[in-house]
Amino acid sequence: MSRIATLLALLACLLPQQVSGAEAPADERSTSYRQYRELFDAGNYIAALPLAVRVAELTANQFGPEAPELANPLTNLATTLFRMDQYGDALDTYRRALTLLELTGNSTDPRLIAPLHGLGASLRALERHEDAIVPLKRAVDIIRNRDGLHAPAQLPMLRLLIASYEQTRRNEDATREHMYAFNVAEQAWGGEDPRMIPVIAELAQWYEQTGRYSAARLLHIRTVQIADRERPMSLKAIDGLRGIARTY
């Protein structure tokens, strides 16, 4: 059995048990979490994994194996597994976190967003693009309902959703969400902000893929203009220049 499988099996055995006696000390959980985050943020996912498991164990011991407080530690564990390319284990762990939150009966709970995002990303990594659409769309809808139709927080999930629509040849849905992402970014940052360059480029590339070369060229020109205004001869203009050439 691999080290990862051993850790997950241990976690599965420990979580269902009700712990008698004193709760796990909160400071131990805090210390374990802080150490986990330091390793995770440094990209040392192998070392971070046992600490992610430990935080989940301590949280289950303190709050119970079905407590919604356990959802965030499980999501962190799943994300660590995802970063280690352990997509199947990540998928199962994200699902477990979602189940705990759904037991609360609040379908708009913002805590659902992170595991839904992770679930969609894991399904995409497993080439299950049709299945990925459902959790990603649900995450986007929760953000729109909670924070407004043009909340910038939806952009990372929206990009994955668009990619899944493209992969499944749902071109009308992909075009609609491409335009939505463009409008969200433009409202958040302004049309001439350099952060718009990748957003405009994504829409331009989609127009190229669907044969709308004149529209794509205008967008590529716009990315070059934004890059040049930020800094003449900027390297950020290169992709736009290549796009212009392609569309001719």
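**Helix packing in a predicted model**

The chain has 12 helices and zero strands, and the model is a predicted one.

Q: Why are α8 and α9 called roughly antiparallel?
A: Helix α8 (residues 155-167) and helix α9 (residues 171-189) pack at an angle of about 160 degrees. Angles over 145 degrees count as roughly antiparallel, and α8 and α9 are therefore roughly antiparallel to each other. Their axes are 9 Å apart, and α8 passes α9 in a left-handed crossing.

Q: Which residues of α8 and α9 meet?
A: From α8 they are L155, L158, I162, Y165 and E166. From α9 they are D173, A174, R176, E177, H178, Y180, A181, V184, A185 and W189. By class, this contact of α8 with α9 has 10 nonpolar, one polar and four charged residues.

Q: Why are α6 and α8 called roughly parallel?
A: The axes of α6 and α8 cross at roughly 30 degrees. Angles under 35 degrees count as roughly parallel, so the term applies to α6 and α8. The two axes come within 11 Å, and α6 passes α8 in a left-handed crossing.

Q: What makes the contact between α6 and α8?
A: I113, H117, A121 and R124 of α6 make it with P156, M157, L160, A163, S164 and Q167 of α8. By class, the contact of α6 with α8 has six nonpolar, three polar and one charged residues.

Q: How do you know that the length of α6 agrees with its number of residues?
A: Helix α6 (residues 113-125) has 13 residues, which at 1.5 Å a residue should span 18 Å. The end C-alpha atoms of α6 are 18 Å apart, so the two values agree.

Q: What makes α6 mostly covered?
A: A residue is buried when its relative accessible area is under 20%, and 10 of the 13 residues of α6 are buried. They are I113, P115, L116, G118, L119, G120, A121, S122, L123 and R124. What covers them includes α4 (71-83), α5 (87-102), α7 (129-147) and α8. After α6 comes E127, whose phi is positive, near 65 degrees.

Q: How does the reach of α7 compare with what is expected at 1.5 Å a residue?
A: The 19 residues of α7 reach 26 Å from first C-alpha to last, close to the 27 Å expected. In α7, the buried residues are H129, A132, I133, P135, L136, A139, V140, I142, I143 and R144. What covers them includes α6, α8 and α9. Just after α7, G148 takes a positive phi of about 110 degrees.

Q: At what angle do α7 and α8 pack, and which residues meet?
A: The angle is about 145 degrees, with the axes of α7 and α8 9 Å apart. The crossing of α7 past α8 is left-handed. H129, A132, I133, L136, K137, A139, V140, I143 and R144 in α7 meet M157, L158, L160, L161, S164, Y165 and Q167 in α8. The residues of this contact of α7 with α8 divide into 11 nonpolar, three polar and two charged.

Q: Is L149 buried or exposed, and how do you know?
A: The relative accessible area of L149 is 51%. The cut-off for exposed is over 50%, so L149 is exposed. L149 is found in the loop between α7 and α8.

Q: What is L149 in contact with, leaving aside its neighbours within four places in sequence?
A: L149 is in contact with R144, Q154, Y180 and V184. L149 and Y180 are 31 residues apart along the chain, and their C-alpha atoms are separated by 9.5 Å.

Q: What does α11 reach from its first C-alpha to its last, and which of its residues are buried?
A: Helix α11 (residues 213-230) has 18 residues and reaches 26 Å, close to the 26 Å expected at 1.5 Å a residue. The buried residues of α11 are A216, R217, L219, H220, R222, T223, V224, I226 and A227. Among the elements that cover them are α9, α10 (196-209) and α12 (238-247).

Technical notes:
Residues numbered from 1 in each chain as written. Predicted model: local features only at pLDDT ≥ 70, side-chain atom pairs only at ≥ 80, totals over all residues. Heavy atoms only, no water. Axes fitted to C-alpha atoms, helices over the stretch in contact; angles between N-to-C directions. Helix = DSSP H or I, 4+ residues; strand = E, 2+ residues; numbered from the N terminus. Parallel < 35°, antiparallel > 145°, perpendicular 65-115°, else oblique. Left-handed = near helix turned anticlockwise from the far one by under 90°. Contact = heavy atoms within 4.5 Å. Nonpolar A, V, L, I, M, F, W, Y, C, P; charged D, E, K, R; others polar. Expected span 1.5 Å × (residues − 1). Buried < 20%, exposed > 50% of the residue type's maximum accessible area, 1.4 Å probe, protein only.
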